[in-house]
Amino acid sequence: MDKLFRDVEGECIAPQGSVVCIGAFDGLHRGHQALVGRVRARARALGLKAVALSFEPLPREYFAPADPPARLLLPRARFEGLCRLGMDAVGLLRFNAAMAAMSPETFVEKVLVKRLAAREVWVGPGFRFGHRRAGDLATLQALGAKHGFEATEVAVVADGGERVSASAVRAQLAAGDLDAAARALGRRYAIAGTVVRGKQLGRQLGYPTANIRLAGKRAPLGGIFAVWVHGIGPEPRAGVASLGTRPTVQGVEPLLEAHVFDFDGDLYGSRIEVEFVAKLRDEEKFDDLPSLVRQMDEDSRQARRALRHDRETSGVSA
């Protein structure tokens, strides 16, 4: 992860200059893609570094720890996604009390000027920054004129007349509207992570699962889903997944559990990505384990049907 930096202080990331985009980049939806793509193109044209600048935790998580917004991307997936989109460096600056108190002027001087030697800065619609969100695009442009960089806002990206945004994608996923979320994201929603050991109850019930913890983040959707699982081999594997707290077995921590059909290998420590194709039902509590297993059998039948249909209509092989 030599492209990643977390701190405000430190040596200049781009001594020859950089083109920077600033945003939350949660989800990396089509609006984010347009912003990052513009920065990538400008950096290549000018022979400068392309830099994406964000925060971890996100400011809204920091200010509302008891009720944080759902996260579309876990931190590592957000970093990896920005790298795939062509960023030469990615800043996930630590959002803490010092960052929250930083004035727009100090942020520009310490981060954009000293750390990044910015020549151009690109932001999305409605951009605000600095202590109490005091800075806006006009502030950024005025400070840019002082420090030698230009600041520009990209146009809104819309879907069906509505602005594409992370909050809209969260609402779509929470409602189980995976198709609408996929249009906004430019791809199906997926969660990537490292497979961890669980209590192995699924294996005892005949449904071994690959488990991904959510790093303390709130998931944007929940329930039982037909999924494609990536990262096991060259092609995605069909499966059924549960995302929730597992109330039948008194679970507390939200967990993503994916059962891969017709697979019996060891995935512990592997990094996989679970792509959500169709929601089958909400999570529910069963009276006993035999009742749960009967429902899991039915979930598997439904998931196989949904994935056969998806394979036939989209050309996915598995």
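**Strands, helices and cores in a predicted model**

Me: What makes strand β3 (residues 49–56) and strand β4 (residues 89–94) a pair?
Reply: Strands β3 and β4 are joined by six bridges in the parallel sense. Two strands pair if DSSP finds at least two bridges between them, so these two meet the requirement. Within the pair, A52 stands opposite V90 of β4. Strands here are DSSP runs of E with at least two residues, helices are runs of H or I with at least four, and both are numbered from the N terminus. The model is a predicted one, in which local features need pLDDT of at least 70 and side-chain atom pairs count only at pLDDT 80 or more, while totals for chains, interfaces and linings use all residues. Residues are numbered from 1 along each chain as its sequence is written, and side-chain values use heavy atoms, with hydrogens and water left out.

Me: Which strands form the open sheet, and in what order?
Reply: The order is β1-β4-β3-β2-β5-β6, six strands with parallel pairing. At the edges stand β1 (4–5) and β6 (150–153); each has a single partner strand, so one side of each is left without a neighbour in the sheet.

Me: What does helix α3 (residues 75–84) touch on the sheet?
Reply: Helix α3 packs on the sheet and touches β1, β3 and β4. Contact means heavy atoms within 4.5 Å. The direction of α3 makes about 150° with that of β4; such angles run from 0 to 180 degrees between N-to-C directions, with axes fitted to C-alpha atoms, for helices over the stretch in contact. Helix α5 (residues 104–115) also packs on the sheet, and its direction makes about 145° with that of β3.

Me: How do you know that the span of helix α10 (residues 289–314) is close to the expected one?
Reply: The expected span is 1.5 Å times one less than the number of residues. With 26 residues, α10 is expected to span 38 Å, and it reaches 36 Å from its first C-alpha to its last. What covers the buried residues of α10 includes β11 (223–230), β12 (237–244) and β14 (271–281).

Me: How many disulfides does a search of the whole structure find?
Reply: The search finds zero disulfides. A disulfide is a pair of cysteine sulfur atoms within 2.5 Å. The sulfur of C12 is 16 Å from its closest cysteine sulfur, in C21, which is too far for a bond. For C83 the closest is again in C21, at 12 Å, also too far.

Me: Which residues touch the most other members in the largest nonpolar core?
Reply: They are L173, Y189, L221, L243, L256, V274 and F276, in a core of 29 residues. A nonpolar core is a set of buried Ala, Val, Leu, Ile, Met, Phe, Trp, Tyr and Cys residues joined through side-chain atoms within 4.5 Å. Helix α8 (178–185) is one of the elements that give two or more residues to this core, and it gives the most, with four. Leaving aside neighbours within four places in sequence, L221 is in contact with L173, L178, Y189, L243 and F276.

Me: What makes β11 and β14 an antiparallel pair?
Reply: Seven bridges join β11 to β14, and the two run antiparallel. In this pair, W228 stands opposite E275 of β14.

How values were computed: Buried < 20%, exposed > 50% of the residue type's maximum accessible area, 1.4 Å probe, protein only.
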